[in-house]
Amino acid sequence: MAEDFKTQVEKLRPYLLRYAQLQLRSAEAAEDAVQEALVAALAGASGFAGRSNLRTWLTGILKHKIIDLIRKASREQTVDSDEAWEAAFDGNDHWRAFPAEWDDPDRSLEQKQFFAALEMCLEGLPAKTARAFLMREHMGLETDEICKELGITSTHCWVLLYRARMALRRCLEINWFGKSAS
Amino acid sequence: MKLLTCKEATSLVSQGLDRRLGVLERVSLRLHLLVCDGCSRVARQLPFLRKALRQLADHDH
């Protein structure tokens, strides 16, 4: 029975690796986080007891491991540049590149290539901006938790999230929605 | 009440995904969106980004 649990957990390893890699942006760090999470999971298998979905339970453990790693990493902070994002507006804070209408965005969610484009756009974000954004939208953390982990104020956090969203929407508009519309 | 620029309006749209906006913020944002197509599009697109990100780990390629 314990063996069976272990097999099930192992089956979820690729998903967990991918989850960690998106957040940590390093294959090595992702391996570390998943390894630690799986060790913790196997040690605490009795805590699972089939109460929830196994993947949800493991992802919950993994989130804590990822946050530990982020906390360590955020001691070496870098300053992100604003430029790509500021280009969306002119000197009067009105649109320079007017936002386009996206054609049936939900249909994109069924397309593999859309997620490849999304990931490419995420990679273009400055590191700290991307980290805050992924903690919010990918891991689903609240802003005050993100502030605490990154050691920033909530106002700074909202600014980072705003920049990330605006840069990402512009990138997708150019590299995905612009192309599929034509 | 002062009118919002597009930058302020989209910043409020974004913050609305992270915190509860105040009454004045909501009213001035709504007024701005009534007359601005660009910001209205962004107001639909940002929640879509959230939806897409939540599904990202499910896609291997």
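**Entry 1: the contact of the two chains**

I looked up the contact of chain A with chain B and noted 30 residues from chain A and 26 residues from chain B, where two residues are in contact if their C-beta atoms, placed from the backbone, lie within 7 Å. Helices here are DSSP runs of H or I of at least four residues, and strands are runs of E of at least two, numbered from the N terminus. By class, I listed this side of chain B as nine nonpolar, ten polar and seven charged residues; Ala, Val, Leu, Ile, Met, Phe, Trp, Tyr, Cys and Pro count as nonpolar, Asp, Glu, Lys and Arg as charged, and the others, Gly among them, as polar.

I note that this is a predicted model, in which local features need pLDDT of at least 70 and side-chain atom pairs count only at pLDDT 80 or more, while totals for chains, interfaces and linings use all residues. Residues are numbered from 1 along each chain as its sequence is written, and chains are lettered from A and ligands numbered from 1 in the order in which they are written.

**Entry 2: chain A as a whole**

For chain A I recorded eleven helices and zero strands. Of the 182 residues in chain A, 32% are buried, a residue being buried if 20 or more other C-beta atoms lie within 10 Å of its own, exposed if 12 or fewer, and partly exposed in between, with C-beta atoms placed from the backbone. Among contacts in chain A with a separation of 6 or more, I noted that 67% come from residues 24 or more positions apart.

**Entry 3: the cores**

I then turned to the nonpolar cores, each a set of buried Ala, Val, Leu, Ile, Met, Phe, Trp, Tyr and Cys residues joined through C-beta atoms within 7 Å. The largest has 43 residues, and those with the most contacts inside it are L118(A), A132(A), F133(A), L161(A), A164(A), A9(B) and V13(B). At least two residues of this core come from each of α8 (112–123), α9 (127–137), α10 (143–150) and α11 (154–181) of chain A and from each of α1 (6–15) and α3 (37–55) of chain B; α11(A) gives the most, with twelve residues. A second, separate core has 17 residues, including V34(A), A37(A), L38(A) and L58(A).

For L118(A), leaving aside neighbours within four places in sequence, I found contacts with L172(A), A52(B) and L56(B). I also checked α9(A), which is mostly covered, with nine of its eleven residues buried; among them are R131(A), F133(A), R136(A) and E137(A).

**Entry 4: L12(B)**

I looked up L12(B), found in helix α1 of chain B, and noted that it is buried because 22 other C-beta atoms lie within 10 Å. Leaving aside neighbours within four places in sequence, L12(B) is in contact with L21(B), E25(B) and L29(B).

**Entry 5: helix packing in chain A**

I took α3 (residues 27–43) and α5 (residues 54–73) of chain A, which pack at an angle of about 130° with their axes 9 Å apart; axes are lines fitted to C-alpha atoms, for helices over the stretch in contact, and angles run from 0 to 180 degrees between N-to-C directions. The two helices α3(A) and α5(A) are therefore oblique to each other, since angles under 35 degrees count as roughly parallel, over 145 as roughly antiparallel, 65 to 115 as roughly perpendicular and the rest as oblique. The residues of this contact divide into eleven nonpolar, no polar and three charged.

For α2(A) and α3(A) I noted an angle of about 130° and axes 8 Å apart, which makes α2(A) oblique to α3(A). Their contact includes L16(A), L17(A) and A20(A) of α2(A) and A30(A), A33(A) and A37(A) of α3(A).

**Entry 6: positive phi**

R25(A) has a positive phi near 55° and lies in the loop between α2 (13–24) and α3 of chain A, where R25(A) counts as partly exposed because it has 16 C-beta neighbours inside 10 Å. D104(A) has a positive phi of about 40° and counts as exposed, with 9 C-beta neighbours inside 10 Å.
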